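These are my notes on what I looked up, in the order in which I looked. The structure comes before the entries.

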Amino acid sequence: MNGQIVAENLVKRFGEFVAVDGVSFSVSRGEIMGFIGPNGAGKSTIIRIFCGLLRPSSGVARVAGIDVARDPEAVRQRIGYMSQKFSLYSDLTAEENLRFFARIYRVPRAELDARIQRAVDMAGLAGHTQALVATLAGGWKQRLALGCAILHKPAILFLDEPTSGVDPQARRRFWELIHATAAQGVTVLVSTHYMDEAEYCNRIALINQGRLVAVGSASELRRNPRLGDLLLVECADLGRALAALRGAPGVREAAVFGNTLHVSVADKARALAELPPFLRGKGIQPHRIVPIEPTLEDSFVELVGQAAKSEAHA
Amino acid sequence: MNVRRILAIARKELIQVRRDPRSLAIALLLPLMQMFLLGYGISLDITNIPTCVYDQEASQHSQALLARFKASRYFGIVKSVWDYGALRRALDAGDCQLGIVVPWNFSLRLSTDGKSSVQALVDATNDNTATLAAGYAQSVVSAYAADDLELRFTGTGRRLGAPQPLAVDSRVWFNEDLASRDFIIPGLVAMIMALVGALLTSLTLSREWERGTMELLISTPVTSMELMIGKLLPYFAIGMADAAFCVALAVGWFGVPFRGQLVTLFLTTLLFLAVVLGIGYAISAAIRSQIGASQVALLLTMLPTAMLSGFSFPIDQMPAVIRAITYVVYSRYYVTIVKAVFLKGSGLAQLALPIAGLLIYAVVITFVAARAFRKSLG
């Protein structure tokens with residue numbers, strides 16, 4: 001594999017707990033790879049292994065062809081990292097932070113001011129460079145952190161939930177920045193637990209309980225053949241309807257989605273005809289049953305369910 | 001190792017100290033407060049011991065003797081009583097710590113036997129004060145007796161019947177006034193250096209862990225050696241400034257004589273700072289909370305320096321076991337050096353031994369501190 005970021009059968013144990021369980025993937029140059037999964041799925045642990053902050057229990061993590069466990073310093077020179085928890089110095093101003101990291105990364109003196117100016121422009125921080133970071137709003141902090149991470153023009157960026165806790169407008173703006181960076185040939189590995197952000201990534205890795213459940217583009221993952229046809233069911237008593245549908249003939253999977261149910265069925269036409277009388281027979285009055293396009297979340301739920309089932313059988 | 005990175009860290013650290021009220025207080029206020037609190041608070045001299053007198057003789061002689069007690073700055077006559085019961089009550093009530101009883105035959109015995117005695121009753125619940133009070137009283141009475149004898153001798157033109165008693169004529173060197181403040185304040189400088197140095201550096205890594213900034217810092221190519229040097233540099237500067245401030249106060253305000261050379265003090269202080277800053281740094285690497293790290297730093301600096309360095313209790317009067325332990329108390333060497341530079345004017349050559357002790361400590365601690373921090377979250 002000649003990817004910029006390569007994981008080969010990566011395992012990380014904390015005592016008895018297996019945080020990362022045999023993960024393999026590869027990200028090519030200029031690609032934006034998204035890690036999607038619930039909290040505690042192991043996304044941060046994988047990223048921290050790539051940044052040389054944690055040693056893998058087994059397996060290999062390679063960045064730009066370098067084994068991270070062998071030569072972490074060579075890797076650190078080539079990467080930019082945004083940790084999940086905001087980790088710039090709150091008691092320094094935006095500019096002081098930028099200057100500090102530029103010097104730590106040994107940005108040439110002659111270029112220092114120009115690079116900082118560019119980071120300030122990119123992050124839209126003009127006029128706020130002398131403000132203490134503690135006083136900046138969430139979206140600004142996030143963009144400043146990205147600015148600090150790319151001062152030294154790293155070839156690879158690791159962004160761990162960079163948009164958590166930021167308003168939707170700031171999130172969108174942040175993703176534009178990530179795209180602009182990737183367009184310059186920077187490889188980006190970014191984690192998030194917002195399903196809708198998957199659309200911004202070239203490829204997505206669905207991660208659950210330390211395992212890679214699926215890898216592919218958003219549209220590939222949505223077109224999950226095992227998902228079958230998807231119906232949206234609106235009714236009064238969601239709990240009872242869910243229990244009834246899970247045992248209904250022709251129903252593969254049913255899950256609550258907002259104040260509706262998403263029901264995955266083998267045959268759309270038959271289900272549309274059979275489900276209303278079935279539910280009424282159970283004393284539930286369906287207001288509406290319509291076919292819908294599956295979302296990434298549907299796919300994720302199905303894939304995780306499949307993985308759990310195959311585990312149970314094994 | 002990259003100088004620019006080291007300076008970047010030093011600069012950042014200095015900005016943070018400047019903006020952190022807690023660190024500022026430790027760097028600026030603590031030395032000032034310690035100097036004044038302990039400089040005035042700790043004095044082993046005792047003056048104005050509250051004293052009761054019971055003059056049974058009530059003669060010209062007995063009054064002359066008591067006048068000497070009054071004149072001495074060691075005693076303050078608070079009460080005159082006329083029986084033992086009253087004296088006892090005064091001692092019990094704590095009105096006085098010393099009772100002087102001049103017997104009814106005081107002058108008679110002095111003139112006939114050439115010697116007489118005065119009774120001193122001491123409240124020994126504070127044994128240090130008691131010993132000193134008894135000692136001072138003894139010397140007042142002896143001086144009176146000697147003068148009295150001389151007066152008689154010159155008055156009659158007769159030779160004394162008894163030969164002059166042999167007396168020890170002691171000459172005190174280096175601290176001629178036996179002022180305990182001169183003795184204590186140089187040690188206080190050491191104490192403040194230890195406290196400030198270790199306290200400040202104990203916060204330096206734990207602050208980064210606590211605020212979550214460490215994760216990003218160790219993801220950069222900065223080496224742990226660059227980090228240590230960069231982080232300790234500002235504290236060296238602050239420590240030296242504090243030392244200069246304390247020495248200036250000691251000489252300028254407290255009037256402690258400074259007989260040595262500043263260069264000797266400067267070099268040994270640098271060495272001592274290397275030890276205490278290293279200790280603080282190692283603690284900071286091991287304990288990832290600021291409160292925890294500063295507690296441990298207090299325990300490892302203040303306690304041994306106050307008790308076992310010779311700062312307050314003379315080492316040669318300690319039991320052998322404790323005396324042996326003082327050799328591992330790093331501040332013992334520095335306290336010895338500072339006192340010698342201040343009071344004896346010792347130079348580097350005379351201080352070779354304690355300097356060697358400090359040097360060994362500095363090397364070992366620097367090694368430990370450099371190893372203590374690992375660039376890993378694990």
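Entry one, a strand with two partners. I began with A:G34, which stands opposite A:I204 in β9(A). The model is predicted, and I read every pairing below with that in mind. I then asked how many bridges join strand β3 of chain A to strand β9 of chain A. I found 4, between β3 (residues 32-36) and β9 (residues 203-208), and the two strands run parallel.

I followed A:I204 to its other side. In β10(A), its bridge partner is A:G216. β9(A) and β10 (residues 211-216) of chain A are joined by 5 bridges and run antiparallel. I noted that β9(A) therefore pairs in parallel with β3(A) and in antiparallel fashion with β10(A), since strands of a sheet can pair either way through backbone hydrogen bonds. I also checked the hairpin of β9(A) and β10(A): 2 residues lie between the strands, and A:Q209 takes a positive phi near 50°.

Entry two, the open sheet. I looked up the strand order of the 4-stranded open sheet in chain A and wrote down β12-β13-β11-β14, with antiparallel pairing. Which strands stand at the edges? They are β12 (251-257) and β14 (286-292) of chain A; each has a single partner strand, so one side of each is left without a neighbour in the sheet.

A:D229 has A:V265 as its bridge partner in β13(A).

Next I listed the helices that pack on this sheet. Helix α8 (residues 238-246) of chain A touches β11, β12 and β13 of chain A, and its direction makes about 165° with that of β12(A). Helix α9 (residues 268-281) of chain A touches β11, β13 and β14 of chain A, and its direction makes about 165° with that of β14(A).

I looked up α3 (residues 94-104) and α5 (residues 138-149) of chain A, which pack at about 25° with their axes 9 Å apart. Angles under 35 degrees count as roughly parallel, and α3(A) and α5(A) are therefore roughly parallel to each other. Their crossing is right-handed. From α3(A), the residues A:A94, A:N97, A:L98 and A:F101 meet A:L144, A:G147 and A:C148 of α5(A). I sorted the residues of this contact into 5 nonpolar, 2 polar and no charged.

The axes of α2 (residues 21-41) and α9 (residues 224-252) of chain B come within 10 Å and cross at roughly 25°. That makes α2(B) roughly parallel to α9(B). I noted a right-handed crossing here. The contact is made by B:A27, B:P31 and B:M35 of α2(B) and by B:I238, B:D242, B:F245, B:C246 and B:L249 of α9(B). I counted 7 nonpolar residues, no polar and 1 charged.

Where does the domain assignment place the bounds in chain B? Domain 1 covers 3-43 + 179-377, and domain 2 covers 49-155. Taken over C-alpha atoms, the centres of domain 1 and domain 2 of chain B are separated by 48 Å.

Technical notes:
Residues are numbered from 1 along each chain as its sequence is written. Chains are lettered from A and ligands numbered from 1 in the order in which they are written. This is a predicted model: local features need pLDDT of at least 70, side-chain atom pairs count only at pLDDT 80 or more; totals for chains, interfaces and linings use all residues. Domain bounds come from an automatic or database domain assignment. Axes are lines fitted to C-alpha atoms, for helices over the stretch in contact, and angles run from 0 to 180 degrees between N-to-C directions. Angles under 35 degrees count as roughly parallel, over 145 as roughly antiparallel, 65 to 115 as roughly perpendicular and the rest as oblique. A crossing is left-handed if the near helix is turned anticlockwise from the far one by less than a right angle, and right-handed if clockwise. Two residues are in contact if their C-beta atoms, placed from the backbone, lie within 7 Å. Ala, Val, Leu, Ile, Met, Phe, Trp, Tyr, Cys and Pro count as nonpolar, Asp, Glu, Lys and Arg as charged, and the others, Gly among them, as polar. Two strands pair if DSSP finds at least two bridges between them.
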